[in-house]
Amino acid sequence: VLALGGAEVPAAANPAVKKLSGGRLSVDLKAVPALAKVGGATRIGTLRGVPVAIARTGTSKYLAFSLKCPHQGVTVTRNENGWVCSAHLSEFEPDGDLVLGPATTGLARVPIKVSRGLATLG
């Protein structure tokens, strides 16, 4: 799913996200409002059964990461400060870095390649 102004839209219904061969995802970064500004982050869809997000970390820099908490695998959700795990309240920065445990690491990075405004995840 993709967060658009707080509402989540299934990735399949969003023209910005396309499934590619091998389970990879293609994302038109300019078509995702949450990524319009540096510091923006949003859930983008599912990669091989794992929920994933993209964060914009610079003018033309992006990170992709799993939304499964490294503590016990519960899916984290977006809040005003970043991401939070509902199970034990681990907190993460918008880019997935760890803020507060019990998790002991940040959210696992997912390979991302960006070319001409298109991101390929996986």
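Reader: Which residues does L29 touch, not counting residues up to four places away in sequence?

Author: A contact means heavy atoms within 4.5 Å. Beyond four places in sequence, L29 touches L35, I54, Y62, V114, G117 and A119. The model is predicted, so local features need pLDDT of at least 70 and side-chain atom pairs count only at pLDDT 80 or more, while totals for chains, interfaces and linings use all residues. Residues are numbered from 1 along each chain as its sequence is written, and side-chain values use heavy atoms, with hydrogens and water left out.

Reader: How many residues has the largest nonpolar core, and which have the most contacts inside it?

Author: In soluble globular proteins, nonpolar side chains tend to be buried together. A nonpolar core is a set of buried Ala, Val, Leu, Ile, Met, Phe, Trp, Tyr and Cys residues joined through side-chain atoms within 4.5 Å; buried is under 20% relative accessible area, exposed over 50%, and partly exposed in between, with a 1.4 Å probe and protein chains only. The largest core has 16 residues, and L29 is among those with the most contacts inside it, along with L25, V27, I44, V52, I54 and L121. At least two residues of this core come from each of strand 4 (25-28), strand 5 (41-47), strand 6 (50-58), strand 7 and strand 14 (118-121). Strands are DSSP E runs of at least two residues, and helices H or I runs of at least four, numbered from the N terminus. A separate second core of 12 residues includes A55, L67, W83 and L107. Of the 122 residues of the protein, 37% count as buried.

Reader: How many aromatic pairs does a search of the whole structure find?

Author: Rings of Phe, Tyr and Trp (its six-membered ring) pair if their centres lie within 6.5 Å; planes under 30 degrees apart are stacked, over 60 edge-to-face, the rest tilted. The search finds 1 aromatic pair. F65 is in strand 7 (residues 61-66) and W83 in strand 9 (residues 83-84), so the pair ties together parts 18 residues apart in sequence. F65 is buried, at a relative accessible area of 0%, and W83 also counts as buried, at 3%.

Reader: What sits over the ring of W83?

Author: A charge sits over a ring if NZ of Lys or CZ of Arg is within 6 Å of the ring centre and within 35 degrees of the ring normal. For W83 it is the charged end of R78, 5.4 Å from the ring centre.

Reader: In what order do the 4 strands of the open sheet run?

Author: Two strands pair if DSSP finds at least two bridges between them. The order is 8-9-10-11, with antiparallel pairing. Strand 8 (77-78) and strand 11 (98-100) are at the edges with a single partner strand each, so one side of each has no neighbour in the sheet. Strand 9 and strand 10 (residues 91-92) are joined by 2 bridges, and W83 has F92 as its bridge partner.
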